[in-house]
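Subject: Structure handover

Hello,

Here is the structure I promised to pass on. Please open it next to this email and follow along.

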Amino acid sequence: MSQDTINSNAAFIWSIAELLRGDFKQSEYGKVVLPFTVLRHLDCLPADLKRWMNRCA
């Protein structure tokens, strides 16, 4: 992946983050993002476990 692509993707992600942040202060942003990050990881966990169990079977 080229540096331009990485920079473009990062700018896109930050622009979405700014929209999602909404009325939160910058210092409160981490308190909002972290729980959603944890939820996303928990959401992905069953799929990863299922793939692992299929490989072991």
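Below are my notes, from the overall build down to single residues.

This is a predicted model, so local features need pLDDT of at least 70 and side-chain atom pairs count only at pLDDT 80 or more, while totals for chains, interfaces and linings use all residues. Residues are numbered from 1 along each chain as its sequence is written, and side-chain values use heavy atoms, with hydrogens and water left out.

Overall build

The protein chain has 2 helices and 0 strands. Both terms refer to DSSP runs, numbered from the N terminus: helices are H or I with at least four residues, strands are E with at least two. The radius of gyration is 16 Å, well over the 10 Å that the globule rule gives for 57 residues, so the chain is more spread out than a compact globule. (That radius is taken over C-alpha atoms, and the rule is 2.2 Å times the number of residues to the power 0.38.) Along its principal axes, the C-alpha trace spans about 50 × 30 × 15 Å.

Surface

Buried residues make up 7% of the 57 residues. Buried means under 20% relative accessible area, exposed means over 50%, and partly exposed is in between (1.4 Å probe, protein chains only). The accessible surface comes to about 5400 Å². Of this, 65% belongs to carbon and sulfur atoms. Such areas come from the Shrake-Rupley method with a 1.4 Å probe; for residues, only the protein chains shown count as cover.

Helix α1

Asp4 sits in helix α1 (residues 3-21). Asp4 counts as exposed because its relative accessibility is 62%. Asp4 and Phe24 are 20 residues apart in sequence. Their C-alpha atoms are 30 Å apart in space.

Helix α2

The structure holds 1 salt bridge. The term means a side-chain nitrogen of Lys or Arg within 4 Å of a carboxyl oxygen of Asp or Glu. Here Arg51 pairs with Asp48, and the closest N and O atoms are 2.9 Å apart. Both residues lie in helix α2 (residues 29-56), 3 residues apart, about one turn of the helix. Arg51 is partly exposed because its relative accessibility is 49%. Asp48 is partly exposed too, with a relative accessible area of 39%.

Cys44 also lies in helix α2. At 26% relative accessibility, Cys44 counts as partly exposed. What separates the C-alpha atoms of Cys44 and Gly30? The answer is 21 Å, and the two are 14 residues apart along the chain.
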